[in-house]
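Here is a friendly briefing on the charged pairs and nonpolar cores of this protein. Have the structure open as you read, so that you can find each residue as it comes up.

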Amino acid sequence: MTDQAHPAETSTGTEAAATSRVLLTLAHPALERSRANRALAKAAKGLAGVTFHDLYETYPDFAIDIEAEQEKLLAHDVIALQFPLYWYSTPALLKEWFDLVWLHGFAYGIDGNALAGKRLFAACTTGGAAKAYHAHGYNRFSMDDFLRPLEQTAYLCGMVWETPFVVHSAALKNDEDLKEEAGRYKARIASLMTTPADAEMGA
Ligand SMILES: Cc1cc2nc3c(=O)[nH]c(=O)nc-3n(C[C@H](O)[C@H](O)[C@H](O)COP(=O)(O)O)c2cc1C
C-alpha cells in the first residue's frame, strides 16, 4: 500500500482541512456514452488531492478487490460518490461495492469504525427534472428521500453526510450548461478539501 491513511483534520471542526484527500469514486456503466458524468468527472479529477477511481473501468467483471478498496477508503478523508441515478438508486456496481467492501467489523459494528469521522458526499445526475422530485411531481419524493440509504449508511458508520450535489434534466443540458455544472462541481469538491465539515452544512 503506497498511500497511507492520515488523520482527518476535521475532527475539531475548527481548523480548515486543507489537506483532506478526496476519493472520487465514479460509477457509470457506459461512460463512453455519458455526457453529464463525463463532464463532471473531467472537471474534478485533475484537482490536487483528488484520487479518481472509476469503478466500472477497474472492475468490468464486478470482481471487486475488497482489500484494495478498503485501503483506498482508509487513505482518504472525503469519500465522494459520483453516479447517474438508475431506478431511483445507484448503478449496480456501486451497490455491490458497498455490499462487499463496507463490511461489519470494518465500516460498522463492534470495532467497525474505520470510516468514522470521514465525510460521505454524493454527486448524482438524473434524467428527471427538479420539479419531478417533489411530493407533487411524478417521482413523488425528493432527491434527499432517494439518497436516504446513503445518508443513513454514513450515519451508521459515524461519517459526516455532506449536502449532495445533483444535476437534474441531464439529457436536456447543452454543452454550455454542462460546462457550468462542471465548474460548480469542481468548486464544490475543492471546498470539501478546504472547508471544515460543519461549515458545509446547508451548502
Ligand atoms: C437504467 C437506467 C435507469 C434510470 N433511472 C432513472 C431514474 O430513476 N430517475 C431519473 O431521473 N433518471 C433515470 N435515468 C436517466 C439517467 O439518470 C440519466 O440518463 C443520467 O443521469 C445522465 O447522465 P450521463 O450523461 O452521465 O449518462 C435512468 C437511466 C438508465 C439507463
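## Charged pairs and cores

R119 and E162 form a salt bridge, with 2.7 Å between the closest N and O atoms. This pair joins distant parts of the chain: R119 sits in strand β4 (residues 119-125), E162 in the loop between β5 (160-161) and β6 (165-167), and 43 residues separate them. Please keep in mind that this is a predicted model.

**The R119 and E162 pair**
- Is R119 buried or exposed? R119 counts as buried, because its relative accessibility is 1%, and buried means under 20%.
- E162 likewise counts as buried, at 0% relative accessibility.

**Other salt bridges**
- How many salt bridges are there by the rule used here? The count comes to seven.
- One of them brings together the side chains of D175 and R35, at 3.2 Å from N to O.
- That pair also links distant parts of the chain, with D175 in helix α7 (residues 175-194) and R35 in the loop between β1 (22-26) and α1 (36-44), 140 residues apart.
- D175 counts as exposed, at 58% relative accessibility, while R35 is partly exposed, with a relative accessible area of 35%.
- K95 and D99 pair up within helix α4 (residues 92-101), where they are four residues apart, about one turn of the helix.
- The closest N and O atoms of the salt bridge between D99 and K95 are 2.9 Å apart.
- Both partners are partly exposed: D99 has a relative accessible area of 42%, and K95 has a relative accessibility of 44%.
- D145, R148 and E151 are joined in a network of salt bridges.

**A buried charge with no salt bridge**
- Where does D77 lie? You will find D77 in the loop between α3 (66-74) and β3 (78-84).
- D77 is buried but has no salt bridge.
- The side chain of D77 does have a polar atom 2.7 Å from the backbone nitrogen of R21.

**Nonpolar cores**
- The largest nonpolar core holds 33 residues, and L73, I79, L81, F83, W97 and W102 have the most contacts inside it.
- At least two residues of this core come from each of α2 (55-58), β3, α4, β4, α5 (143-146) and α6 (148-156).
- Which element gives the largest share of this core? That is α4, with five residues.
- Setting aside its neighbours within four places in sequence, L73 contacts L23, I79, W97, V101, W102, F106, L115 and K118.
- Apart from this core lies another, of 18 residues, with L47, V78, F121 and F165 among them.

**Cysteines**
- The count of disulfides comes to zero.
- C124 is buried, with a relative accessible area of 1%, and C157 is buried too, with a relative accessible area of 5%.

Terms used. Residues numbered from 1 in each chain as written. Predicted model: local features only at pLDDT ≥ 70, side-chain atom pairs only at ≥ 80, totals over all residues. Heavy atoms only, no water. Buried < 20%, exposed > 50% of the residue type's maximum accessible area, 1.4 Å probe, protein only. Lys, Arg positive; Asp, Glu negative; His and termini not counted. Salt bridge = Lys/Arg side-chain N within 4 Å of Asp/Glu carboxyl O. Polar contact = N/O pair within 3.5 Å; in protein donor to acceptor, adjacent residues only side chain to side chain. Disulfide = S-S within 2.5 Å. Core = buried A, V, L, I, M, F, W, Y, C linked by side-chain atoms within 4.5 Å. Contact = heavy atoms within 4.5 Å.
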